[in-house]
Amino acid sequence: CKIRHYHFSVVLKNATKLCTSKAILTVNGKFPGPTLYAREGDNVLVRVTNHVQYNVTIHWHGVRQLRTGWSDGPAYITQCPIQPGQNFVYNFTLTGQRGTLLWHAHISWLRTTMHGAIVILPKKGVPYPFPKPDKEKGMVEADTEAVVNQAMQTGLPPNISDAHTINGHPGPVPNCSSDDAYTLHVETGKTYLLRVVNAAVNDELFFKIAYHNLTVVEVDAAYTKPYNTDTLFLGPGQTTTALLKADKGVGKYLIAISPFMDTIVAVDNVTGVGYLRYNRTLALTPTTLVSIPSVNATPVTSVFSDSLRSLNSKEYPANVPLTVDHSLFFTIGVGINPCTTCINGSRAVASINNISFLMPTTALLQAHYYGRNGVYRLAYNSTVQLVIQGNNIVAPESHPTHLHGFNFFVVGRGVGNFDPEKDPSEFNLVDPVERNTVSVPTAGWTAIRFRADNPGVWFFHCHLEVHTTWGLKMAFLVENGEGPDESIEPPPSDLPKC
Ligand code: C2O
C-alpha cells in the first residue's frame, strides 16, 4: 500500500451557471470538486485548508473509517469545524472496500457545491470480478440550487432546484441560450465503466442513457451480482458503478437525470441532460429518450432496489450477521410543529421515533472520548438489526437514510407497516446488497443488519439535506472492545476545537 496525499483548499470561486454568475464555495476552485483516487489498503491524507469565512468540514461518505472516527467529518458529531484560516489533516486507510464513493462538505448546506467522487481501485494485481472495461469514466450528478439556507431558519421547504447537472453541466436550460451539456465520448465496440454518484442535496434521481443498457457491478463500494437495467436509481449519497457497452454506430444519445418524488407533486421536477457521443467530428442531432421515468415512478425504484444483490463470491463473501444482539425499530418522518417566531405559525420538523435531534455545540465524539455521552450505545462487535419505518404524519416520502462508519446489509424492505410476525421470515440473509445509504420507501419500511465493529460515534440521518436540517438524525455510540485493535485511536493533535 501507499500513502496518498491530497490538498483540499476551500476557496470562493466565481461560477457561471444557467446564464448567471455568482461566487460559490469550492474545493480547489472546482465544481464538482477533485476526484480522489486510491487503491484498497492505501492510507489517504487530505490536508484541508479553509480560506473562506465559513466553518467547514469534509466527510468521506461511505469510507468505513475503521478506528479513525476522528476523520469522518460530520460537524459537531466527530469534530468541531475547521474555522476560517485553519487546517486539518484527514487521515484514514481504505480497508475492505473497492469501487466508487463520494466526499462532501458536512456542515450546514455546504455540500451543495462542495462535493466530488472517490475512486477506490482494487489492490495492485487484483482484477475486477467482472470483465475488464476498456475505459473508466466518472459522472457526478448534482443539483444547482438557489440558495437554500432559508429551510434552516424557517422550517419551510428549500427553493426548487434550477437544474440538475452532470459533472457541473445542466444541458440546455430554458431562458438561457447556451447549451452547456456534459458529453461522454465513446468509441463503438468498447466497454466503459461508468461511476455514477448522486451528489444532489435533496433529490433521489433516475439515470438513463437512450438506447443503452447498463450492467450494475458495484454500489456504495461493494461488488454486486451483475444486474442489467436501462435505468439506474440513486438516492443522494449513493453511488453506482456500471458497465456500458458502446454497441451503437455513429450517434448522439441523450443522457438524462430526472428526480423521483412519489407523493409531493413535482417539487423538483427538472431533468438534467448530457450526451453520449460516438463521433467527435460530425454534427449530430441527439436522439430523444425512449422514455424518462415519471417523477412518481415508484415501481421503477422498487424493481431497481429489489434487484441488487451482493456478489457473495468466494473472494467477496457477504458476511451477513445471522444472529441479532440489538433489534431496533425506528420510525422516521416529517411533521409540522407549531412555533411562534416563524412564518405561518408552524414549521416542518423531521424526526426519528418522534425525537427531532438538536445539534450539539461540541463534537459528540470528543465528548464521548473524554467521558460524557448522549446517544444510542452499542457494545463492541454486537450485531444490530434495525427496521426503519417511514411514517405517515404529514408528508409520507421516500427517505434515503445513511449510516456513517459502516456498510450494512439490506435484508428486507416493503410497503405499508412492518409486520414483526411475518416479514422477518422473508429476510434475505444470504446475498443482500451491502450499502451505506438506503431508501426507506414512502410509507414503507427497510430492514438492515450490521456488526458494530467500529468504535466511535456514528451519525445516522436522512441524506435529504432538508430533512437532516429538520432533525431526522441521531448518532450511535459504539464502545471500545477489550482487544488491542478494538479501540478508537487517540484524537489527532490538530483536531479543531469548538
Ligand atoms: Cu453523506 Cu452524513 O453524510
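1. Start with residues 13-124: their end C-alpha atoms lie 37 Å apart, and the span is 0% helix and 45% strand. Helices here are DSSP runs of H or I with at least four residues, strands are runs of E with at least two, and both are numbered from the N terminus. UniProt, in an unreviewed entry, puts "domain: Plastocyanin-like" at residues 13-124, 142-279 and 374-481; such annotations may be inferred rather than shown by experiment, and positions follow the numbering used here, with feature names shortened.

2. Keep in mind that this is a predicted model: local features need pLDDT of at least 70, side-chain atom pairs count only at pLDDT 80 or more, and totals for chains, interfaces and linings use all residues. Residues are numbered from 1 along each chain as its sequence is written.

3. Next, have a look at the open four-stranded sheet, ordered β3-β8-β7-β5 with mixed pairing. Strands pair if DSSP finds at least two bridges between them. At the edges sit β3 (36-39) and β5 (58-61), each pairing on one side only.

4. Strands β7 (residues 99-105) and β8 (residues 115-121) run antiparallel and are joined by six bridges. For T100, the bridge partner in β8 is V119.

5. Now the domains: an automatic or database assignment sets the bounds, giving domain 1 (1-127), domain 2 (130-310) and domain 3 (326-478). Taken over C-alpha atoms, the centres of domain 1 and domain 2 are 22 Å apart.

6. Which elements give two or more residues to the side of domain 1 that touches domain 2? They are β7 and β8. In total, 24 residues of domain 1 are in contact with 27 of domain 2 (C-beta atoms, placed from the backbone, within 7 Å).

Key. Two residues are in contact if their C-beta atoms, placed from the backbone, lie within 7 Å.
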